[in-house]
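Reader: I'd like to go through this one term by term. Can you show me the structure and tell me what backs each label?

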Amino acid sequence: ATLVVIGLTIAFYNTSHHDGSASSLLGYEMSGNGKKVLKKALNCLGNKYSCMKDDNYSKVTLKRAYELPYAALFQDQRGQKKYEASDVTIVGNEVYSVCDNSWAISRFGKSLLPFNEENVQVGDPNRVPDEDSGYEAIFHHEGLFYVIRESVYHGDREERKYTPEVGEYHAIIEELELSENDYTVVNECRCEFEFEGDSKGFEGAVGFPDEDDVLYIVGLCEGNHCSESRKNDVGNGRVVLMKKSEDPEMTQCIWETVRVVNIPPSAAFLDYSAIDITQDGRVAITSQEHSAVWLGQAKGIDNGIIDPIGFDFEVKSKVLQFPKDGGCHTIYCNIEGIHFMNDDMLMAVSDKMKSKGRQDFRCHDKDQSIHAFVIP
């Protein structure tokens, strides 16, 4: 009887290990149409992203350098029990990160030393009581930090319960001036671009001045076509190029849409969770659901100056996957922030894993963490 039980256990393990199930390898339980959509996405990416060929695996997979959970960063947790990390940026030798459940800005060193006194949460995590920040992006420009609230309802909340309409959801961009332990909201402007709801807005953003020192923001849409209803049409990622417009009295402001730019279809993702673009135009765009990063090159960015007319993406690119476990299962299931540390390394942050069985248990170990990876 004992031998039979052991045999059955091994057979079950081997089936889960080698069945080629897209949902199993990506850490999701999917069925029906969900599996068809995921299969289409994987077909677009190609079949080279497999653990079974060791020679190829090392060429298409990031190598983990070091990492740390957010819970081990701070001596003072400020009452926070969860860290739904959503983006990360590096300014000098310091790292700044946002979580969409908190109004605080996390600041810590690149070495990720646990419980270091210099690792702090700047600002009140509960700045707005009983409301999550919805912060999904952060970048720095000329002394200010720009943080983007993904998609916020604008309209009559009572009516929304009955007849929500397209066009009532817009991202909000806050301009923050940070001090040692707090920050001041210098400005707050909504974006002209309209979303279909509050769950598929801007997931990342970067900013560059043009030759006249006018700041332009590149906002990354989470869904394909920047849409909730068409989000599963893989390979149709979009970024929105915006610049700020203010009235003469500077009492109102809006980030006007300049252009919508297509991401090359080689980024055949179901979602787009973060973006970084370097001063010389290197691009990294992550997918949470694919546990992958698209690396490419932007046109129209030179020495940190953007040409808003010429801004676009080169076709040439490559897709790398985040490391798998020993069974070729996805373990970095919730990547939501990315930033180039240097020419050879990336820093990323992970959101909290989805609850109620919506993600494989293997996703738990790496969630709510900061990671450093080496690019092959």
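This is a predicted model: local features need pLDDT of at least 70, side-chain atom pairs count only at pLDDT 80 or more; totals for chains, interfaces and linings use all residues.

Reader: What is the mean pLDDT of the protein?

Author: The mean is 86, and 81% of the residues reach 70 or more. Residues 1-31 are another stretch where pLDDT stays under 50.

Reader: Why is the link between Cys-189 and Cys-253 called a disulfide?

Author: The cut-off is a pair of cysteine sulfur atoms within 2.5 Å, and here the sulfur atoms are 2.0 Å apart, so the pair counts as a disulfide. The torsion about the S-S bond is about -100°, so this one is left-handed. Cys-189 sits in strand E9 and Cys-253 in strand E13, 64 residues apart; strands here are DSSP runs of at least two residues, numbered from the N terminus.

Reader: What makes the disulfide of Cys-221 and Cys-226 left-handed or right-handed?

Author: The torsion about its S-S bond is about 85°, so the disulfide is right-handed. The structure holds 3 disulfides, including Cys-333 with Cys-363, whose sulfur atoms are 2.1 Å apart. For Cys-333 and Cys-363 the torsion is about -80°, so that disulfide is left-handed.

Reader: How do you know whether Cys-191 is buried or exposed?

Author: Buried means under 20% relative accessible area, exposed over 50%, and partly exposed in between (1.4 Å probe, protein chains only). Cys-191 has 0%, so it is buried. Cys-99, at 4%, is buried as well.

Reader: What makes the rings of Trp-103 and Tyr-135 a pair, and of which kind?

Author: Rings of Phe, Tyr and Trp (its six-membered ring) pair if their centres lie within 6.5 Å; planes under 30 degrees apart count as stacked, over 60 as edge-to-face and the rest as tilted. Trp-103 and Tyr-135 have their centres 5.5 Å apart and their planes at 75°, so they are an edge-to-face pair. Trp-103 is in the loop between E3 and E4, and Tyr-135 in strand E6.

Reader: How many aromatic pairs are there?

Author: A search of the whole structure finds 16. One of them is Tyr-70 with Phe-108, edge-to-face at 6.3 Å centre to centre and 85° between the planes.

Reader: Which backbone atoms does the side chain of Asn-101 reach?

Author: The Asn-101 side chain reaches the backbone oxygen of Lys-82 at 3.3 Å and the backbone nitrogen of Glu-84 at 3.0 Å. A polar contact is a pair of N or O atoms within 3.5 Å; within protein, one must be able to donate a hydrogen and the other to accept it, and residues adjacent in sequence count only if both atoms are side-chain atoms. Asn-101 has a relative accessible area of 9%, so it is buried.

Methods. Residues are numbered from 1 along each chain as its sequence is written. Side-chain values use heavy atoms; hydrogens and water are left out. pLDDT is the predictor's confidence in each residue, from 0 to 100. Contact means heavy atoms within 4.5 Å. Helices (H or I, at least four residues) and strands (E, at least two) are DSSP runs, numbered from the N terminus.
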